[in-house]
Amino acid sequence: MATLGIEGLSLEQWRQQLAVALGDAPADLLIRNARVVNVASGEIETANVAVVHGRIAGVGDYTEGKEELDLAGAYLAPSFIDGHVHVESSLLWIDQFARAVVPHGTGAVVTDPHEIANVAGLAGIEALMEASADLPLGVFFTVPSCVPASPMESAGAEMTPELIGEALRLPRVVALGEMMNFPGVLAGDPEIYRKLVAPAPRRDGHAPGLAGRQLNAYAGSGMGSDHESTRLEEAREKLRRGLMIMIREGSTEHNLLELLPLVTDQTYPRCCFASDDRDCATLLHDGHMDAVLRKAIGAGLDPIRAIRMATLNTAEYWGLPGFGMVAPGYWANLVVFDRLDDIRPRLVLYRGAVVAREGKPAFETEVTIPGELLHTVHVAPLALACLQLPAEPKMTAVGAIPGQIVTRKLEVEPKVVNGLAVADPERDLLKLVVVERHRATGRVGVGLVQGFGLERGALASSIAHDAHNIVAVGVSDEDLLLAIGTVAEMQGGLAAVADGQVLATLPLPVAGILSPEPLEKVAAAYERVEEAARSLGSTVPAPFALLSFMALSVIPEARVTDRGLVVL
């Protein structure tokens with residue numbers, strides 16, 4: 001169990017905790033008439049909960065508290081934990097991310113900050129750590145292992161083995177981050193070896209599609225978990241080979257319903273939930289781990305088991321002290337809701353203090369953005385000629401798949417004008433362009449993509465996992481050039497354009513990937529650019545979210561980066 005016990009308590013505080021637990025002194029907070037979700041025993045207990053110094057001193061028939069909270073029979077559960085998330089994908093700075101997720105019952109996240117690391121390196125990670133230290137949310141870190149993700153894309157920074165070793169010694173670090181360069185692992189790359197042998201509590205995995213002997217080799221190199229499974233049999237084999245299976249349900253990656261049959265009486269202790277990437281609008285309107293729980297329970301998963309997978313299982317795997325249970329020695333990080341079959345948090349506590357009520361944050365934040373995270377977009381002058389694509393009789397196109405971050409490799413006959421391949425919206429065959437934006441090298445990758453459904457105009461974004469260059473998709477080169485230029489002028493962000501006019505934008509000036517603005521303002525702007533994309537004919541639910549993965553060079557089968565077409 002990931003208990004906290006008396007860690008950090010003075011002798012006097014420990015004695016006070018003992019007195020409360022023994023019933024000899026009043027609790028700081030007494031929570032009365034709770035139906036406690038016991039994720040260890042799998043039952044519902046009717047009990048009172050005594051809290052002192054922000055920790056649970058006892059669960060039972062306690063009667064005295066300096067402050068009291070009567071739940072009148074509502075359910076009381078440990079607050080939820082996201083097992084793997086990139087907080088930057090919310091498009092929010094960390095204080096606003098907390099405002100987004102805490103009201104939904106989230107008490108902790110394990111984040112891999114490789115998005116900001118790809119832009120600003122170790123300095124970006126340290127800035128995120130410092131800004132998250134005093135939030136009413138446990139923010140734990142894995143150290144990015146693949147910055148850049150692969151040699152096939154150009155990032156703004158590099159996490160060398162030496163820097164990784166330094167970062168692994170920082171506070172609240174729980175693991176080496178997801179080892180995305182699985183080809184390097186399988187090839188026995190010496191640089192990968194230096195990263196894997198760095199002293200780390202755990203090593204997070206990333207093994208899309210690996211099976212058989214390749215999976216054995218990857219798992220045997222020290223990785224302990226995986227969140228990339230998209231098929232049930234893929235996840236089942238990874239479970240058999242000892243990996244902790246993180247069932248992913250994000251804004252663009254919807255794997256829960258496919259993988260849920262994996263969870264049985266025998267397997268559930270080795271399964272948990274993760275969002276991976278969840279944007280600000282989804283967080284604001286749909287929710288966070290509470291939305292994942294509602295979907296899992298609605299699909300037939302036992303509610304208490306589902307809650308355990310979002311609490312204790314995650315805490316124990318990552319070794320999060322004091323998180324994951326309503327039990328003595330744990331933090332009083334708690335969520336209150338009225339129905340097990342439709343979990344909607346109405347009260348959230350962090351270390352015994354109320355931090356959200358009725359879906360609204362009950363805390364204030366004040367965070368300064370470090371100056372080195374601003375003005376990070378540097379693009380060389382571009383002309384229409386930079387976007388040209390010489391035609392061949394048969395060409396490889398990227399096949400985008402809505403709801404997935406994997407793609408298909410498609411062989412197509414391009415539409416040709418004057419020897420150049422051009423967009424053909426009648427066949428949903430569009431231009432896909434990636435522009436290097438960290439060092440103004442002028443490097444531009446151009447390819448073809450199918451699956452966006454644009455009939456006119458163009459979309460551009462500096463959210464382009466993982467290197468975060470500027471990625472654009474469009475029908476006309478003129479609109480592509482305008483969209484790319486608009487994003488560069490904003491120092492990062494999203495833009496939708498058509499017929500030479502800018503239709504909607506979302507500025508993201510923090511490292512070119514985040515906004516310093518309040519959650520509600522950012523979510524509204526995000527919805528406007530997504531709606532503008534749909535007005536151009538896009539047929540996918542979240543066009544910009546899908547676009548953000550079109551340059552991700554470590555996910556099969558085809559991508560375009562600033563270095564050109566990548567086929568895995």
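Which residues does the UniProt annotation "domain: Amidohydrolase-related" cover? According to that record, an unreviewed entry, the annotation covers residues 76-343. UniProt positions are given here in the numbering used for the model, feature names are shortened, and annotations may be inferred rather than shown by experiment.

Before I continue, two remarks on the source. This is a predicted model, in which local features need pLDDT of at least 70 and side-chain atom pairs count only at pLDDT 80 or more, while totals for chains, interfaces and linings use all residues. Residues are numbered from 1 along each chain as its sequence is written, and side-chain values use heavy atoms, with hydrogens and water left out.

I begin with the overall form. The radius of gyration, taken over C-alpha atoms, is 24 Å, which agrees with the value near 24 Å for a compact globule of 568 residues; the globule rule is 2.2 Å times the number of residues to the power 0.38. Along the principal axes, the C-alpha atoms fill a box of roughly 85 × 50 × 45 Å. The protein has 16 helices and 28 strands, where helices (H or I, at least four residues) and strands (E, at least two) are DSSP runs, numbered from the N terminus. Within the annotated span, residues 76-343, the chain is 36% helix and 15% strand, and the end C-alpha atoms are 11 Å apart.

I turn to the interior. Of the 568 residues, 62% count as buried; buried means under 20% relative accessible area, exposed over 50%, and partly exposed in between, with a 1.4 Å probe and protein chains only. In soluble globular proteins, nonpolar side chains tend to be buried together. A nonpolar core is here a set of buried Ala, Val, Leu, Ile, Met, Phe, Trp, Tyr and Cys residues joined through side-chain atoms within 4.5 Å. The largest such core has 161 residues, and Trp93 and Phe273 have the most contacts inside it. Helix α3 (residues 114-132) gives the most to this core, with 9 residues. A second, separate core of 25 residues includes Met395, Ala421, Leu448 and Ala458.

Next, the largest pocket. A pocket is an open set of points on a 1 Å grid over the protein atoms alone, where a 1.4 Å probe fits, with protein on both sides within 12 Å along at least five of seven lines; lining residues have an atom within 4 Å of a point. About 350 Å³ of space lies in the largest pocket. Its lining comprises 23 residues, with Ser251, Asp279, Thr282, Pro541 and Ala542 nearest the centre. Two or more lining residues come from each of α10 (280-285), α11 (289-298) and α15 (519-535), and α15 gives the most, with 4.

Helix α10 also holds Cys280. Cys280 counts as buried because its relative accessibility is 0%. Its C-alpha atom is separated by 9.5 Å from that of Ser251, 29 residues apart along the chain.

Finally, the backbone. Where are the cis peptide bonds in question? One joins His465 and Asp466, with omega about 0°, and Asp466 is in the loop between β23 (458-461) and β24 (470-474). Another joins Pro556 and Glu557, with omega about 5°; Glu557 is in the loop between α16 (543-547) and β27 (558-561).

Arg172 has a positive phi, near 65°, and is partly exposed at 27% relative accessible area. For Arg351, phi is near 50°, and this residue is partly exposed at 39%.

Methods:
Grid points are joined across faces, edges and corners, and a volume is the space filled by probe spheres set on the points.
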